[in-house]
Amino acid sequence: MNNNELWQSVLAQMQLYISKANFATWFQNTEITLKENEKVVISVPNAFSKEWLSNKYYKLMLKTMHDIDNTIKELEFTINPQSLKNFATKEIIENEKINIEQLKFDEFKINKETNLNPRYTFENFIVGSFNELSYAAGLAISENPGYIYNPLFVYGGVGLGKTHLIQAIGNKITDNLKKKKVKYIPSEKLISNIISAIRSNTMESFKASLAPIDVLIIDDVQFIAGKIKTQEEFFHVFNSLYEKNKQIILSSDKPPNAIPELEERLRSRFEGGMIADISLPDYETRLVILKTKLQEKNLKLPEDILEYIASNVKKNIRELEGALNSLLIFSKTNNNAPTIETAKKLLKGFIFSPFDVANYKKIIEVVAKFYNLEEKNLFNSTRRKEIVRPRQVAMFLLRKELKYSFPAIARKFGGKDHTTVIYAYKKILRESEENNKLTEELNLIKQRVYSG
Ligand code: ADP
Ligand code: MG
């Protein structure tokens with residue numbers, strides 16, 4: 001078996017263990033370059049892939065190879081800059097220094113050309129299993145915009161780092177690939193620009209202003225739900241950039257297939273590249289985030305307080321930062337770190353009692369918001385598809401998460417026959433076992449119900 005055949009069979013095995021998206025991210029542009037004695041040398045496109053593969057997949061790869069050829073006992077990774085445009089680690093470290101310096105001065109200096117805030121960088125973006133795929137995809141794109149994943153669609157709940165990540169991509173491209181024209185546009189701004197262009201009959205010049213852009217970043221694209229005119233114009237903007245291999249990066253609070261009232265052709269464009277999610281960081285990661293943020297500021301807080309924050313502030317990273325800052329302000333004004341008792345008092349506003357996390361009100365509120373409905377719509381006795389499905393989801397969650405009885409749920413929904421509720425429950429249960437889209441929707445909804 002030659003090196004290429006060996007590698008192909010390793011890749012075939014690896015595909016069984018990891019998701020398709022992860023596989024594409026980590027194993028694109030890799031190969032065996034050398035097999036010598038007991039060692040196999042694998043070349044990877046950049047320092048990041050090297051670190052990732054050697055930390056996460058080393059054992060699995062070695063085992064797979066060893067099973068094929070039992071003389072193989074060791075793997076080594078080398079970076080092959082030819083595979084992709086490569087910015088070596090040294091450069092990243094140098095950038096890091098500059099960026100930390102910059103942070104102090106440019107906190108709110110938004111670049112007028114790009115609209116980017118320089119405070120959002122990869123260097124201060126913490127990576128864990130909750131955001132690793134989005135991070136990896138973003139980093140790959142920043143090194144070779146337009147050619148790897150187009151568009152990149154990043155989704156996740158509020159305060160979890162979508163804006164940070166997509167702006168970091170933009171900042172990195174602006175810093176390293178000076179000729180590329182990057183533009184960050186929050187979708188509220190995009191919508192209002194399009195509406196005023198329609199009103200003043202200046203659509204052509206609005207489009208012309210976007211034509212020279214190499215990297216277009218649209219934040220919170222879910223806001224275009226239901227905006228028919230905006231969607232139509234955005235579709236054309238999207239196509240004309242896409243056809244020229246210009247990079248498009250989108251963020252949203254839900255995946256494309258869960259954005260209500262989104263034109264089918266636009267949805268399929270959004271789904272045409274890489275879709276990557278950001279979920280909630282776990283306890284360990286929350287602790288790492290707190291410690292890293294303190295380190296960046298060169299400040300300290302006692303370990304027990306950090307553990308207290310990490311175990312109680314679970315909603316998102318923005319709240320973690322908020323909790324940390326309120327303790328830091330206390331420390332500064334009192335010239336001393338708070339005691340754990342004081343910290344608990346100071347953090348009251350950030351902490352949710354386990355009893356009021358998932359309740360009836362919360363489930364109704366989250367389900368309605370997720371499907372862009374008003375709460376009262378859920379209780380309409382209509383057969384309209386856009387309402388029937390969300391209503392069934394609400395019934396399902398009341399049963400599943402709160403253990404409400406079927407008749408109790410029926411009463412909440414205007415005294416329906418409880419067999420209707422049983423039907424809804426079973427339908428959602430069955431479909432969620434067969435249908436990834438629904439499973440994913442339920443997960444996102446539950447995540448929001450339980451994160452306060
Ligand atoms: P979103 O756009 O998803 O609502 P943001 O990007 O605004 O969230 O993030 C909220 C706050 O948390 C910001 O101050 C951001 O810098 C910080 N943050 C989010 N994710 C990370 C991360 N992975 N590492 C460091 N800081 C983060
Ligand atoms: Mg945001």
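Predicted model: local features only at pLDDT ≥ 70, side-chain atom pairs only at ≥ 80, totals over all residues.
Residues are numbered from 1 along each chain as its sequence is written, chains are lettered from A and ligands numbered from 1 in the order in which they are written, and side-chain values use heavy atoms, with hydrogens and water left out.

## Salt bridges

Let us start with charge. Side chains of opposite charge can pair when their charged atoms come close. A salt bridge here is a side-chain nitrogen of Lys or Arg within 4 Å of a carboxyl oxygen of Asp or Glu. How many salt bridges does the structure hold? There are 21.

| Pair | Closest N and O atoms |
|---|---|
| D69 and K35 | 3.1 Å |
| R267 and E264 | 3.3 Å |

Helices (H or I, at least four residues) and strands (E, at least two) are DSSP runs, numbered from the N terminus. A residue is buried under 20% relative accessible area, exposed over 50%, and partly exposed in between, using a 1.4 Å probe and protein chains only.

D69 and K35 form a salt bridge. This pair links distant parts of the chain, 34 residues apart: D69 lies in the loop between helix 3 (47-68) and strand 3 (74-79), and K35 in strand 1 (residues 31-36). D69 is buried at 18% relative accessible area, while K35 is partly exposed at 35%.

R267 and E264 sit within one element, helix 10 (residues 264-270). They are 3 residues apart, which means that about one helical turn separates them.

K293 is buried at 12% relative accessible area, and E321 is partly exposed at 22%.

Salt bridges can also join up: R389, K427 and E431 are linked in a network of them.

## Helices that meet

For helix pairs, axes are lines fitted to C-alpha atoms over the stretch in contact, and angles run from 0 to 180 degrees between N-to-C directions. Angles under 35 degrees count as roughly parallel, over 145 as roughly antiparallel, 65 to 115 as roughly perpendicular, and the rest as oblique. A crossing is left-handed if the near helix is turned anticlockwise from the far one by less than a right angle, and right-handed if clockwise. Contact means heavy atoms within 4.5 Å. Ala, Val, Leu, Ile, Met, Phe, Trp, Tyr, Cys and Pro count as nonpolar, Asp, Glu, Lys and Arg as charged, and the others, Gly among them, as polar.

Helix 12 (residues 303-312) packs with helix 13 at an angle of about 150 degrees, their axes 10 Å apart. The two are therefore roughly antiparallel, and their crossing is right-handed. I305, L306 and I309 of helix 12 make the contact with L320, A323, L324 and L327 of helix 13. By class, this contact has 7 nonpolar, no polar and no charged residues.

Helix 15 and helix 19 (residues 436-450) have axes that come within 9 Å and cross at roughly 130 degrees. That makes helix 15 oblique to helix 19. This crossing is right-handed. Here K362, I363, V366, V367 and F370 in helix 15 meet E441, L444, I445, R448 and V449 in helix 19. The residues of this contact divide into 7 nonpolar, no polar and 3 charged.

F379 is in the loop between helix 15 (360-370) and helix 16 (385-402). F379 is partly exposed, at 32% relative accessibility. Its C-alpha is 7.1 Å from that of G414, a residue 35 places apart in sequence. Leaving aside neighbours within four places in sequence, F379 is in contact with Y360, I364, K412 and F413.

N80 lies in the loop between strand 3 and helix 4 (89-106), and N80 is buried at 19% relative accessibility.

Finally, N3 is in helix 1 (residues 3-17) and is partly exposed, at 26% relative accessible area. Not counting residues up to four places away in sequence, N3 touches I32, T33, L34 and K35.
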